Amino acid sequence: MSNNNLPFSKWRRAGGLVFLSGELPLGPDGAMPSGIEAQTRLTLQRIAATLEGVGLALRDVVQVTVYLTHAEDFAAFNAVYQQHFTAPYPVRTTVVAPLVLPGARVEITVVAADSADAQPQSEVASR
């Protein structure tokens, strides 16, 4: 799926924040791996590469929104997610919903802080 003709930006900087559009598990050749673990890993790698391109990293992420197509994928998704984020964790919302791209099991969007003084304190969630 090409976004060349779609009316949205891959990322936008506003104030002390960088907002990324939803990222899907597509490789450079447009291929999509099967399985939630591989799709999550690739999606997070794509997010990390976009952040790196604007001078940031996953450690700068303050908010994550995750869309999963199957609720039963949550534990496997979360196991991969935990390999990419450390404390202080970003706030996160997870939604189960169909996705536009057939075969995609995950889509992730993030907000990152682009300066040290823009990063708020955080509290670890209990659930």
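Tutor: A quick term to begin with: contact means heavy atoms within 4.5 Å. This is a predicted model, where local features need pLDDT of at least 70 and side-chain atom pairs count only at pLDDT 80 or more, while totals for chains, interfaces and linings use all residues. Residues are numbered from 1 along each chain as its sequence is written, and side-chain values use heavy atoms, with hydrogens and water left out.

Student: Leaving aside neighbours within four places in sequence, which residues is Leu51 in contact with?
Tutor: Leu51 is one of the residues with the most contacts inside the largest nonpolar core. Such a core is a set of buried Ala, Val, Leu, Ile, Met, Phe, Trp, Tyr and Cys residues joined through side-chain atoms within 4.5 Å. Setting aside the neighbours within four places, the partners of Leu51 are Leu20, Leu56, Ala57, Leu58, Val61 and Ala112.

Student: In what order do the strands of the open sheet come?
Tutor: Two strands pair if DSSP finds at least two bridges between them. β1 and β4 each have a single partner strand, so they stand at the edges with one side left without a neighbour in the sheet. The pairing is mixed, and the order of the five strands is β1-β2-β5-β3-β4.

Student: What angle does the direction of α2 make with that of β4?
Tutor: Axes are lines fitted to C-alpha atoms, for helices over the stretch in contact, and angles run from 0 to 180 degrees between N-to-C directions. α2 packs on the sheet and touches β3, β4 and β5. With the direction of β4, α2 makes about 150 degrees.

Student: Is Thr43 buried or exposed?
Tutor: Thr43 sits in helix α1 (residues 36-53) and touches Glu23, Leu24, Pro25, Val106 and Ile108, not counting residues up to four places away in sequence. Buried means under 20% relative accessible area, exposed over 50%, partly exposed in between (1.4 Å probe, protein chains only). The relative accessible area of Thr43 is 0%, so Thr43 is buried.

Student: Which residues are linked with Glu23 in a network of salt bridges?
Tutor: A salt bridge is a side-chain nitrogen of Lys or Arg within 4 Å of a carboxyl oxygen of Asp or Glu. Lys10 pairs with Glu23, their closest N and O atoms being 2.9 Å apart, and for Arg46 with Glu23 that distance is 2.6 Å. Glu23 counts as buried because its relative accessibility is 5%. The residues linked with Glu23 in the network are Lys10 and Arg46.

Student: How many residues apart in sequence are the parts tied together by Arg105 and Asp73?
Tutor: The side chains of Arg105 and Asp73 meet in a salt bridge at 2.8 Å, N to O. Arg105 lies in the loop between β4 (91-96) and β5, and Asp73 in the loop between β3 and α2, so the parts they tie together are apart in sequence by 32 residues.

Notes
Helix = DSSP H or I, 4+ residues; strand = E, 2+ residues; numbered from the N terminus.
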